[in-house]
Amino acid sequence: MAVGVAMGAAFAASEPVTDLHGERWVALATIRVDGRPIVKKNSRTIGTSGARPISLPSAAYRNWAKTAVYVVMAQWRALGRFTPVGGAQQPVWLRCRFALPKGGFADLSNLYEGIQDVLQDAGVLHNDRWIAHHDGSRIVAADTPHVEVTVHVPVSVVPVRGAVA
């Protein structure tokens, strides 16, 4: 599995967009992780915590997530962002594009869980419970598998020059 660093483009001054619910959002950044995204819930293993058995994600997911955290952290910092978004009742909108090999299939809701945990562990999200929605997210066929996530916050949180909240 190859996971490389592909720098996302900053959208700090992007024009506000309206979501399917009529709310206005500003895109802060687009982050990309190369390599096939691994579903967190597949092929779980049993480990122990003391004497208690616990369910753990597969080794493939743990390897992907560990590498993805470093890739995402590097991109987030390269964009000049050093603090997480979300929290303090600040909603976040994630638009995810999961590019899988042609003919590949995965459960979209399970893919969300993996990338959300990566974004939280990398310091992009304060807590993934503040994700308001994933409108516009999808699985697409691609020659080079990757995940691309655009992080949006409400216009009222990040004022944009000339924007009306």
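User: How much of the chain counts as buried?

Analyst: Of its 165 residues, 43% count as buried, meaning under 20% relative accessible area, with exposed set at over 50% and partly exposed in between (1.4 Å probe, protein chains only). This is a predicted model, in which local features need pLDDT of at least 70 and side-chain atom pairs count only at pLDDT 80 or more, while totals for chains, interfaces and linings use all residues. Residues are numbered from 1 along each chain as its sequence is written, and side-chain values use heavy atoms, with hydrogens and water left out.

User: Which elements does it have, and in what order?

Analyst: The chain contains 2 helices and 9 strands, running β-β-β-β-β-α-β-α-β-β-β from the N terminus. Helices (H or I, at least four residues) and strands (E, at least two) are DSSP runs, numbered from the N terminus.

User: What share of the contacts comes from residues 24 or more positions apart?

Analyst: Such pairs account for 75% of the contacts in the chain with a separation of 6 or more, where contact means heavy atoms within 4.5 Å.

User: Moving inside, how many residues are in the largest nonpolar core?

Analyst: That core has 33 residues, and Trp64, Leu94, Ile115 and Leu119 have the most contacts inside it. A nonpolar core is a set of buried Ala, Val, Leu, Ile, Met, Phe, Trp, Tyr and Cys residues joined through side-chain atoms within 4.5 Å.

User: Which elements supply at least two residues each?

Analyst: They are β3 (24–34), α1 (59–78), β6 (92–101), α2 (108–121) and β9 (146–154). With 8 residues, α1 gives the most to this core.

User: What does leucine 119 touch, neighbours within four places aside?

Analyst: Leucine 119 is in contact with Ile31, Val72, Leu94, Val124, Leu125 and Val149. Leu119 is also one of the buried residues of α2, among them Leu111, Tyr112, Ile115 and Val118.

User: What do the buried residues of α2 pack against?

Analyst: They pack against β3, α1, β6, β7 (131–133), β8 (138–142) and β9.

User: Changing topic to β6: is it mostly covered or uncovered?

Analyst: β6 is mostly covered, as 7 of its 10 residues are buried.

User: Which strands pair with β6, and in what sense?

Analyst: β6 pairs with β9 in the antiparallel sense over 7 bridges. Its pairing with β8 is parallel over 5 bridges, and that with β7 is parallel over 2 bridges. Two strands pair if DSSP finds at least two bridges between them.

User: Which residues are bridge partners there?

Analyst: Tryptophan 93 is partnered by histidine 133 in β7, arginine 95 by threonine 150 in β9, and alanine 99 by valine 140 in β8.
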